[in-house]
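Reader: I am new to structural models, and I would like to learn how such features are read. Could you take me through this one slowly?

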Amino acid sequence: MDSLIALIDQNEIFNVQTLLHYWDGFVMTIQLVFLSLVVGAVLSIPLALMRSSNNPWISRPVWLYTYIFRGTPLLIQLYIIYYGVVFIEGIQDSMFWPIVKDAFYPCLIAFVLNTAAYTTEILRGALVATPKGEIEAAKAYGMSWWQMTRRIVLPSAFRRALPAYGNEVIFMLHASAIASVVTIVDLTGAARDVYAQHYAPFEAYTFVALIYLCVTFCLIYLFKFLEKKMLAHLRPLS
């Protein structure tokens, strides 16, 4: 172990201090992505149910929200939220200012709103694809709308939405790199700092690209495993 540390210390760029800086950036990236996905997924469930409603007063506002956030770049959304917070009247004198003045929370809000919009449409597509036979069977058993949704519609929709949601998770991982533009030191921000310190852009950004690649492969394997387990009933019998 001591020889490994000594070997790393001899490296001009990837020494212990640099690797620890990358590690801090990695932790920040995982925190941002994980929190945005969890909160976005929770928000997307009621939004998807509203979006699939036949009542236009319920579905249209959700459609407008998803249309805006899916139709504009995430970077622009981040800029608007990050820089726009300070223009809210009275915000600097409120109890929320110590929170929103930190770049982490405006960035998290932007990521949550963006991924919730995409996840809402993914889940909505899975909801409307529910076989009519399942719904008719639930009604025949005398289930209420909530019982049918909770026991039949949502579990079935989650399974169908899993492949598309896996792509959304990977997209959010890659999109999280823009957090560095608002002073957050994530993986890309750590690479930028290493480049600025050692003037080695190729080494700094190649290393962080390999980290993103490894995490992406882990996510692909995870979702392939989940699809194999949750969609096993769709595989043809041998």
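**Reading spans and packed helices**

Author: Let us begin with residues 169–192, a span that is 54% helix and 0% strand and whose end C-alpha atoms lie 24 Å apart; helices (H or I, at least four residues) and strands (E, at least two) are DSSP runs, numbered from the N terminus. This is a predicted model, in which local features need pLDDT of at least 70 and side-chain atom pairs count only at pLDDT 80 or more, while totals for chains, interfaces and linings use all residues. Residues are numbered from 1 along each chain as its sequence is written, and side-chain values use heavy atoms, with hydrogens and water left out.

Reader: Which residues does the UniProt annotation "transmembrane region" cover?

Author: In the unreviewed entry it covers residues 26–50, 62–83, 103–123, 169–192 and 204–223, although annotations may be inferred rather than shown by experiment. Over residues 103–123 the chain is 95% helix and 0% strand, with end C-alpha atoms 30 Å apart.

Reader: At what angle do helix α7 and helix α8 pack?

Author: Two packed helices are described by the angle between their axes and the distance between the axes. Helix α7 (residues 132–140) and helix α8 (residues 145–175) pack at about 165°, with axes 10 Å apart, the axes being lines fitted to C-alpha atoms over the stretch in contact and the angles running from 0 to 180 degrees between N-to-C directions. α7 and α8 are therefore roughly antiparallel (over 145 degrees).

Reader: Which residues make the contact?

Author: Glu134, Ile135, Ala138 and Lys139 of α7 meet Met148, Ile152 and Ser156 of α8, where contact means heavy atoms within 4.5 Å.

Notes:
Parallel < 35°, antiparallel > 145°, perpendicular 65-115°, else oblique.
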